[in-house]
Amino acid sequence: MKIKEVNSYVLQYDLDEELGYSQQYYAKRTAHIVEVITDEGIKGYGEAFGGGGVAFGNKAIVEKTIGPMILGMDPLDCEVIWHKVYNLLRDHGQKGMPLQALSGIDMALWDIAGKFYGQPVYKLLGGAFRERIEVYGYGMMLQRVPDLKERFARESAAIAAKGFTATKMKIGLGPKEDLALVETVRRAIGDDIKLMVDANHAYTAREAIPLGRELEKLGVYWFEEPVAPEDRQGYRDVCLALDMNVAGGEAEFTRWGFRDLIEGRCVDVLQPEVCGLGGITEYRKVLALAHTHFVPVVNHVWGSAVAVAANLHLLAALPDLPGGAHPVQPLLEYDTTPNRFREELLAEPLDVLGRVEREGGTIGLPKGPGFGFEIDWDFVRRFRVA
């Protein structure tokens, strides 16, 4: 079997309302789906992390740079392909967009392998450690509205009512404003639901530490990306100063980047982004590093239904850490804000929100070969912009 074609599809539509985080607001949803086709007719799908203009740059890398490198190769040779591409691009992109583009291709190869062998991807990864995945509801994006506290209170209460046992919100407007928002959400959801906050590297360590001490008083479970991803010492300082968990890793790439993050004890909870760090082939190495150092892993998940489906397989195959009769189970991150690329892209939607509500805050595993989904091509044609 050989790789015959490598294609990618940038999908986009206008949001009804702007959404934001500490760095920017955006008015469009964007997704970048990668397709690999073999000479035997098996097709695999992955997703390249990065919205907005980044997706258009990644499309060029997928189709013009990496695609030609791997045509004619055996798609089952994931390691061979990964190292060939990385070695040829090493002088030009050890992090960032080349790795995001490679991630989408690598994920598609794993989808092909599952379809070739007639097995779900989690079987190829060694089997499922669990039959159900707990889901946490990610919402409370920043918005330009007159009363953001009222909006967050309403949204967080709705997430709790859906049956989620954990939720996450955006912060990064300034310590005073952040604390007011977190206090509002905590009142709305009560004390029994885990609450995480995500600053998207809005602060320096000197700013993040006193803010974190106040967040601890509100029972925040983790403080995500408090400082810039390049600031390893800042991460260590925040970790040492706070009792609550510090989370990060979505902006890191490859085993070498994660080696430094993990060995430096920069985070208490590691958040690898499989659509960005180098794909499943590289994710497995990052996971091994994390387990070697006893750092818990909760995957970062942001994108379309392709990313969500792929992460269900990764979380199913994630070993318990450190083990025991009743270990803490991994969580699937699920963005609850409206996103047609999560809800309508697949021929048979994942229906995560409905299943969480019906099934007590958890979701069962996909059973089909590969990632277990089919693309709705009429939908793709409707929203494709590149």
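1. Contact in this note means heavy atoms within 4.5 Å. Asparagine 311 touches Val274, Asn299, His300, Val301 and Leu332, with residues up to four places away in sequence not counted. Asparagine 311 is found in helix α12 (residues 305-316), where helices (H or I, at least four residues) and strands (E, at least two) are DSSP runs numbered from the N terminus. At 0% relative accessibility asparagine 311 counts as buried, a word that stands for under 20% relative accessible area, with exposed meaning over 50% and partly exposed in between (1.4 Å probe, protein chains only).

2. On the basis of these values, this is a predicted model, in which local features need pLDDT of at least 70 and side-chain atom pairs count only at pLDDT 80 or more, while totals for chains, interfaces and linings use all residues. Residues are numbered from 1 along each chain as its sequence is written, and side-chain values use heavy atoms, with hydrogens and water left out.

3. Helix α11 (residues 280-292) packs with helix α2 (residues 78-89) at an angle of about 90°, their axes being 9 Å apart; axes are lines fitted to C-alpha atoms, for helices over the stretch in contact, and angles run from 0 to 180 degrees between N-to-C directions. The helices α2 and α11 are therefore roughly perpendicular to each other, as angles of 65 to 115 degrees count as roughly perpendicular, under 35 as roughly parallel, over 145 as roughly antiparallel and the rest as oblique. On the α2 side Cys78, Glu79, Trp82 and His83 meet Thr281, Glu282 and Lys285 of α11. The residues of this contact of α2 with α11 divide into 2 nonpolar, 2 polar and 3 charged, where Ala, Val, Leu, Ile, Met, Phe, Trp, Tyr, Cys and Pro count as nonpolar, Asp, Glu, Lys and Arg as charged, and the others, Gly among them, as polar.

4. Helix α3 (residues 97-117) also packs with α11, at an angle of about 95° and with the axes 8 Å apart, and α3 and α11 are therefore roughly perpendicular to each other. Asp106, Met107 and Trp110 of α3 make this contact with Ile280, Thr281 and Arg284 of α11, and by class the contact of α3 with α11 has 3 nonpolar, 1 polar and 2 charged residues.

5. Helix α7 (residues 205-217) has 13 residues and reaches 19 Å from its first C-alpha to its last, close to the 18 Å expected at 1.5 Å a residue, the expected span being 1.5 Å times one less than the number of residues. Its buried residues are Ala205, Ala208, Ile209, Leu211, Gly212 and Leu215, and what covers these buried residues of α7 includes α6 (175-189), β6 (194-198), β7 (220-224) and α8 (232-241). Just after α7, glycine 219 takes a positive phi of about 75°.

6. Most residues other than glycine have a negative phi. Methionine 140, which is not a glycine, has a positive phi of about 50°; methionine 140 lies in the loop between β4 (132-138) and α5 (148-161) and is buried, with a relative accessible area of 0%. Threonine 254, likewise not a glycine, has a positive phi of about 60°; threonine 254 is found in helix α9 (residues 254-263) and is buried at 3%.

7. A search of the whole structure finds 0 disulfides, a disulfide being a pair of cysteine sulfur atoms within 2.5 Å. For cysteine 239, the nearest cysteine sulfur is that of cysteine 266, 7.0 Å away.
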